Amino acid sequence: MEPSGLGAGPPKHTPLSPYSKTIVEGTLPVDSGVDAGLSASFDQENYGDHIIQVHGDDDSSFSDEGYDGSDASSFLSSILSEVRRGVEVEGRIYPSYGKHEYGMPMDEKELDRNDLQHHKYTLLLGDKLYIAPILDSQLNHANARVLDLGTGTGIWAIDMADRFPSAQIIGVDIAPTQPSFVPPNCIFEIDDVEEDWPYRPAHFDFVHGRDLMTAVRDWPRLISQAYTHLKPGGWIQLASTIPEVNSDDNTIPPNSGYVEASRLYFEMAEKMGAPLDAPRSWGEQMRNSGFTNVQDVVYKLPMGAWARSKRLRTVGRLELLMISDGGFEAYMLRGYIQILKGRPEDLQIILALARREVKDPNMHTNVQFHVTYGRKPE
Ligand SMILES: C[S@@+](CC[C@H](N)C(=O)[O-])C[C@H]1O[C@@H](n2cnc3c(N)ncnc32)[C@H](O)[C@@H]1O
């Protein structure tokens with residue numbers, strides 16, 4: 001796939017986090033992890049020998065012997081502009097960085113969806129950023145470090161930085177879609193989490209990854225890297241929706257567009273080598289890597305405002321809003337065209353049917369949200 005050359009530029013995004021009201025508006029990913037990492041700081045304490053990209057406050061300490069700023073600058077700036085621009089497929093912009101092509105966009109519409117998802121998941125977990133039983137004292141001190149894998153807009157990392165101001169929160173992503181104006185203890189980096197992690201062993205107190213479906217092919221390797229880079233006593237938490245449509249009262253219509261969309265999504269993810277039911281194996285994979293206290297908690301995530309509890313009705317409304325406002329398309333468009341070799345107009349017909357169905361208040365569907373956590377023994 002070729003870069004589009006459309007020059008769409010980086011998305012401009014303002015985080016919506018309730019915890020991040022103090023953050024200045026008009027955030028520009030131009031100045032996020034990639035740029036700052038290459039021109040600014042190098043936090044020697046965090047990394048092993050081969051790190052190159054870090055975004056931090058102190059730009060006086062960049063000191064990589066192998067780095068020659070002047071010779072590398074035009075090479076780097078051309079890579080940077082490609083990473084920022086991404087690639088365009090059928091009007092959506094996708095990340096161009098990373099070992100594998102990623103199926104979800106990184107444009108403004110996707111960033112808004114990402115933030116909406118954050119509110120939905122936080123609410124689903126009972127107004128919590130995570131459910132792993134980590135003591136506040138473990139994250140409330142100056143040596144505490146948290147790593148957020150595939151951080152997206154960085155909204156979770158920013159909320160964590162506000163909640164634990166002494167801790168250092170690092171958000172990493174292949175897409176430069178994070179804001180520049182963030183709490184001083186939050187930094188963003190551009191990297192592929194499927195590659196070797198550049199951090200020191202036993203460095204983090206908490207490794208977190210949410211909604212990384214189709215982002216990760218090799219979960220056992222990722223979990224084992226987390227184990228290596230966690231301190232003894234540190235925690236991992238992975239969370240994701242499994243987009244398989246269920247209904248407790250059999251209200252899914254026959255020949256459902258929603259079910260067909262879900263079937264196609266599973267098929268394309270399988271072909272990508274990133275099966276969507278991967279969360280069901282996380283618990284076992286964590287135990288195999290040496291984690292203890294492993295728990296797999298499965299939430300029912302309702303679609304629409306039909307649930308009894310007020311909180312779940314709000315969750316259902318947010319899910320409905322997300323899906324009916326382009327969520328299906330975000331998940332499926334690129335894979336449908338490039339992996340299943342389908343025509344975009346055919347997908348639009350299936351998605352239009354699915355969108356109409358999910359707005360029907362008589363249809364009561366849900367998907368599962370899996371949260372799995374574990375602890376590295378002391
Ligand atoms: C659906 S978003 C979820 C964002 C965030 N975790 C959240 O829950 O708010 C998935 C993110 O993973 C990133 N991603 C995909 N593959 C990746 C990889 N191999 N390494 C790092 N980030 C990746 C994408 O660019 C995207 O920002």
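Biologist: Which residues does Trp156 touch, not counting those up to four places away in sequence?

Modeller: Trp156 touches His118, Leu129, Asp148, Thr151 and Arg210. Contact here means that two C-beta atoms, placed from the backbone, lie within 7 Å. Before we go on: this is a predicted model, where local features need pLDDT of at least 70, side-chain atom pairs count only at pLDDT 80 or more, and totals for chains, interfaces and linings use all residues. Residues are numbered from 1 along each chain as its sequence is written.

Biologist: Is Trp156 buried or exposed?

Modeller: Trp156 counts as buried, because it has 27 C-beta neighbours inside 10 Å. The cut-offs use C-beta atoms placed from the backbone: 20 or more others within 10 Å is buried, 12 or fewer is exposed, and in between is partly exposed.

Biologist: Where does Trp156 sit?

Modeller: In helix H5. Helices are DSSP runs of H or I with at least four residues, strands are runs of E with at least two, and both are numbered from the N terminus.

Biologist: Switching to the ligand. How many residues surround it?

Modeller: There are 24, and the closest are Gly150, Gly152, Ala175, Arg210 and Ala215. A residue belongs there if its C-beta atom, placed from the backbone, lies within 6 Å of the molecule. The elements giving two or more residues are helix H3 (108-124), helix H5 (155-163) and strand S4 (168-173).

Biologist: Which gives the most to that shell?

Modeller: H3, with 3 residues.

Biologist: And what kinds of residue make up the shell around the ligand?

Modeller: It has 12 nonpolar, 7 polar and 5 charged residues. Nonpolar means Ala, Val, Leu, Ile, Met, Phe, Trp, Tyr, Cys and Pro; charged means Asp, Glu, Lys and Arg; the others, Gly among them, are polar.

Biologist: On to H7. How many residues does it have?

Modeller: Helix H7 runs over residues 257-272, so 16 residues, and its first and last C-alpha are 22 Å apart. That is close to the expected 22 Å at 1.5 Å a residue, where the expected span is 1.5 Å times one less than the number of residues.

Biologist: Which residues of H7 are buried?

Modeller: Tyr258, Ala261, Ser262, Leu264, Tyr265, Met268 and Ala269. They lie on the same side of H7, because they cover an arc of only 160° around the axis. That arc is taken from the directions from the helix axis to the C-beta atoms.

Biologist: What do they pack against?

Modeller: S7, helix H9 (310-338) and helix H10 (344-358). Just after H7, Gly273 takes a positive phi of about 85°.

Biologist: Which residues other than glycine have a positive phi?

Modeller: Among them are Thr214, near 65°, and Asn250, near 50°. Most residues other than glycine have a negative phi.

Biologist: Where are those two?

Modeller: Thr214 is in the loop between S6 and H6. Asn250 is in the loop between S7 and H7. Thr214 is buried, with 23 other C-beta atoms within 10 Å. Asn250 is exposed, with 6.

Biologist: Last one. What does the chain's secondary structure come to?

Modeller: 10 helices and 9 strands. Of the 378 residues in the chain, 47% are buried.
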